[in-house]
Amino acid sequence: MDMVSLTAALGLPPDRMAWCLAVVFAAGILRGYTGFGFALAAVPTLALIVPPVMVVPLVLCLEIVASAQMLPGLWREVHFRSVGWLGLGSLAGIPLGLYGLATQSADVMRLAIALIVLASVAGLAAGARFRSQPGGAATVLIGAVSGLLNGAAAMGGPPVILFYLGRQTAVPVGRASLMFYFSLIDAVAVGLAAASGLLTARLLILAGLCVPALLAGQAIGARLFRSALQRHYRSVAITVLAVVSLAVLTQSALTLWGG
């Protein structure tokens, strides 16, 4: 079966498939550089051209592949203690988030998340940092908030990203820890998706077609991080969070108020 026939079978004509690959490539560059941002950038953009029921499982599968490519080279820089506390909290928060998703509007949840993240980003941009390293209880709480938001609106990343940006931690350590944390929660989410029957053959084929674009983009992003651009990491990360939050805020507001 040639590429045109294959993409047609997936319900994506060649032009939409090309756009899908371009989105994955660009989001891969972002993730390779910052250690996060793939889902934040890819989910809302892919949802415009890929059936919504496929978007989140697709992105989760690609995140697993992305982590498998990059983590072996970052293993020594991961701050396992903080990741462990965050993961513990996340496991407790995910069920609450799923309950909120079942009972509350996802757009209301996203609107609230965007406002909180924007306020936090403003503080970080002004130079705010934790005066001391957060203890275990505080870190578990942040993880629980991440899990809750992940279950409720598929936006669990911002609390943890803000956590590492605000710590007195070297940039490579924070970046590696973010990647490891996301690989853990993504693995759990993929397991749940598989148990729910969301990992269809159609989705796995689409993920396979996207992998080369993902790996190429991520390799470019990683090279940018290792270059002189590393010193701009904090500014780039804060800018990404701000842009994504504003986009989510606008989209949710328009949906809620019928714009």
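Is Phe80 buried, partly exposed or exposed at 39% relative accessibility? Phe80 counts as partly exposed. Here, buried means under 20% relative accessible area, exposed means over 50%, and partly exposed lies in between (1.4 Å probe, protein chains only). The structure is a predicted model, in which local features need pLDDT of at least 70, side-chain atom pairs count only at pLDDT 80 or more, and totals for chains, interfaces and linings use all residues. Residues are numbered from 1 along each chain as its sequence is written, and side-chain values use heavy atoms, with hydrogens and water left out.

The protein holds eleven helices and zero strands. Helices (H or I, at least four residues) and strands (E, at least two) are DSSP runs, numbered from the N terminus. Along the sequence the pattern reads α-α-α-α-α-α-α-α-α-α-α. The protein has 259 residues, and buried residues make up 46% of them. A contact means heavy atoms within 4.5 Å. Among contacts between residues at least 6 apart in sequence, 86% join residues at least 24 apart.

Helix H9 was checked for its span. The expected span of a helix is 1.5 Å times one less than its number of residues. For the 25 residues of H9 this gives 36 Å. The end C-alpha atoms of H9 are 36 Å apart, which agrees. Gly197 follows H9 and has a positive phi, near 80 degrees.

The interior was examined next. A nonpolar core is a set of buried Ala, Val, Leu, Ile, Met, Phe, Trp, Tyr and Cys residues joined through side-chain atoms within 4.5 Å. The largest such core has 40 residues. Those with the most contacts inside it are Phe36, Ile161, Leu165, Leu178, Tyr233 and Leu241. The elements that give two or more residues to this core include helix H2 (14-34), helix H5 (80-103), helix H9 (171-195) and helix H11 (233-256). H11 supplies the largest share, eight residues. Not counting residues up to four places away in sequence, Ile161 touches Phe36, Leu40, Leu178, Phe182 and Leu241.

Aromatic rings were then compared. Rings of Phe, Tyr and Trp (its six-membered ring) pair if their centres lie within 6.5 Å; planes under 30 degrees apart count as stacked, over 60 as edge-to-face and the rest as tilted. The structure holds six aromatic pairs. Phe80 and Phe180 form an edge-to-face pair, 5.3 Å centre to centre, with 80 degrees between the planes. Phe80 lies in helix H5 and Phe180 in helix H9, so the pair ties together parts that are 100 residues apart in sequence. Phe180 is buried, with a relative accessible area of 12%. Trp75, Phe80 and Phe180 form one aromatic cluster. Phe163 and Tyr164 also form an edge-to-face pair, with 4.9 Å between centres and 75 degrees between the planes. Phe163 is buried at 1% relative accessibility, and Tyr164 is buried at 5%.

A charge sits over a ring if NZ of Lys or CZ of Arg is within 6 Å of the ring centre and within 35 degrees of the ring normal. The charged end of Arg175 sits over the ring of Phe225, 3.9 Å from its centre.

A disulfide is a pair of cysteine sulfur atoms within 2.5 Å. The count by this rule is zero. The sulfur of Cys20 has its closest cysteine sulfur in Cys210, 3.8 Å away, too far for a bond. Cys20 is buried, with a relative accessible area of 0%. Cys61 also counts as buried, at 13% relative accessibility.
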